[in-house]
Amino acid sequence: MTTLSQVDAALEYLDRGWSVIPICLDTKRPRIEWRKYQTELPTSEEVERWWTVNPNDGIALVTGELTGLVVVDCDNEEAAEAARQAGMVSPVKVQTKRGHHLYFAHPRDGIRRGPRAGVNTRGADWPKIDGLDFRGDGGYVLLPPTKNYSWEIAAGCCEDDTPEWKDWKPSLKPDGVVGFDFSHLDLTAVRAQHSFVSEWDRTARYVVEKFPETLRIPSGMGNGRNERVMRWISECIMEGLFGSMLRVRGLAFMREFFESELTEHEFEATCRSMEEAERRNHPERFDASGEYIFKPCLSIHEQDPAVASPKAKLITMADAEDLLAKAGGREYLIEPWLPAQTIVQVYGYSGHGKSLFVEHCMAALAAGRRSVGPFEIGKPSRVLYMDFEMGMGTIARRLIELRETHGDTADRLQIWAPFVGDDEDINLRTREGLAGLQSWIGEAKPQVVVIDTVRTGYPGLQENDAAEWAAVNTLAKKLRNAGMAVILVHHANKPGEGATGREAGSTNQLTVLETQIRITQVFTDKDTAQNNAALFDDDYENPIWPQLQDKLEKNDPGFTLYMVMEVRYGKVREWTETHDRVQWIGFAQNNTTGARTMVSNSSTKQRAKWMSLSGGMTPEAISLKLGRPLWAVREWLGLSA
């Protein structure tokens, strides 16, 4: 970001979901009244105005729950050493004039963590170290490219790789240790995380934002009291509550958030209505005598008494090789971006071909092809493609295209769409929607699950709300931990003044990703590229369209390019020598038969093999030519170390 102007840098931070404010560098104080920006993001218009009027102002990040970040400020070596000893270590740092800022992810657990200063503390809630400070809720820190501030991020990491903040607690001196007994620890009260944000949490946020003085919602004014109560009652029933317990929870909800409750008659009518709907829709949840027996949220001991006494042991270094073997080592379905049991995001602007890219990759994988464009394929694998957007005719035509290009996939590629079966209203935000997905997974038995797209699979998703992404992340992790690779297809933000076209939503959506891929279309006409927020081919040092067309004429004469896309990596948790930062894939059609094919540039690994087989080059010469280590080249060529 050091090459960006202050206003462009501020807009990029805002695009990440960070609340930023202007700082007068003479006073090191905010130039504006900034309290409101602790609970709401500024608009892009506000940001542009602030730095247009004062273009040299510093940029400050408002720390806390809204942005999702807290910062440890180390102003001297003693403070830095104290932070290290306390376990305050982060790969995401900013170098300051006197030291470093260490970035951590705010736990977002509802606990307010205010600023702390080492010089003022008594040592009970923060280390008593001069120069070691904490910037949490209600604080701010300066960001690059403000003068004397620059990012210092560990190799292979990015700004999103912030570890979750663990609250500091003073250590007991050895003579104060009296022994710690874990026998009192009871996890039965731990509530399983929902796959959606509960109505209680939604209403709590609404109250804080709209009625901070009273923390109560007044009657009327279109605040939806009746609807909120009905949704809460429905969620309680989904947790297995019925009868008197349902009413206790409903009354608690009204007393917590509303100035006036529903009348006794209205409240009872609401409860009865929801209970009757449950009887109609789910008779299997009642026994022969009519008693409600649905208990989805059993405690740990009720589910399995053995859980209270785990038989497994924790992981040590001695387990590394066994773990790698169980995880399949570096078993790639598609090398290098789709190993087994991973979470991948593919994103781009609407119409740029992100779904087309994923579909072709999945068809080639299911068909057992050796490669798909510049990517090599492992063994044929089963794919469940959850397509929430395309209609029947579009899917039919796309399947024909995929078959012509990659061959028959038999039943290894299976697609769910809204017109399949009785699942027209499948919604991954709901229990029923997740149950539907589970049933299709049981039917398809896939090694890869594709959700295309996140926005349509989770209708009404508040993309800038970090808590909303918890549902998506939880599902992705459950699928991965069950042995599947997960591909999440997602939209990029709309382009605009100073925008970067990042994936839409809070940075919390990146938390569990292991690989992120951006798809952008490349056009040969400059105006078309500009109008579609795409790439202009002549802007490349070596234009891509002529290269791919030449390759077609050599290998597939009679085919003409009709589309080219750039495939670029974003976040990659585990970068390898096989990764190339960017690749290009083209789609072509035969001028006579109408048949379709793919063409791409070669990966570095493919080039190494060609140099050895066709050019007769030694591994040492290939390593020097490609700028890759010799051990990697020998591995690619199947040579022993």
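1. The charged end of Arg228 sits over the ring of Tyr206, 4.2 Å from the ring centre. Arg518 does likewise over the face of Tyr349, at 5.2 Å from the centre. The criterion is NZ of Lys or CZ of Arg within 6 Å of the ring centre and within 35 degrees of the ring normal.

2. A word on the basis: this is a predicted model, where local features need pLDDT of at least 70 and side-chain atom pairs count only at pLDDT 80 or more, while totals for chains, interfaces and linings use all residues. Residues are numbered from 1 along each chain as its sequence is written, and side-chain values use heavy atoms, leaving out hydrogens and water.

3. Back to rings: there are 26 aromatic pairs in the structure (Phe, Tyr or Trp ring centres within 6.5 Å, using the six-membered ring of Trp; planes under 30 degrees apart are stacked, over 60 edge-to-face, the rest tilted). Tyr13 and Trp18 are stacked, 5.3 Å centre to centre with 5 degrees between the planes. Both are buried (under 20% relative accessible area; exposed is over 50%, partly exposed in between; 1.4 Å probe, protein chains only).

4. Trp232 and Phe253 also stack, at 5.4 Å and 15 degrees. Helices here are DSSP runs of H or I with at least four residues, strands are E runs of at least two, and both are numbered from the N terminus. Trp232 and Phe253 belong to one aromatic cluster with Trp200, Phe257 and Phe258.

5. The largest nonpolar core has 37 residues, and those touching the most other members include Ile334, Trp337 and Val448. Helix α10 (residues 354-367) contributes the most, with 9 residues. A second, separate core of 30 residues includes Ala9, Ala10, Leu14 and Val92. A core here means buried Ala, Val, Leu, Ile, Met, Phe, Trp, Tyr and Cys joined through side-chain atoms within 4.5 Å.

6. Which residues of helix α2 (residues 44-53) are buried? Glu46, Val47, Trp50 and Trp51. They lie on the same side of α2 because they cover an arc of only 115 degrees around the axis, taken from the directions from the helix axis to the C-beta atoms. The face turned away carries the exposed Glu45, Thr52 and Val53.

7. Thr162 sits in the loop between β10 and α4 (199-210), yet is buried, with a relative accessible area of 16%. Leaving aside neighbours within four places in sequence, Thr162 contacts (heavy atoms within 4.5 Å) Leu69, Val92, Tyr103, Phe104 and Ala105.
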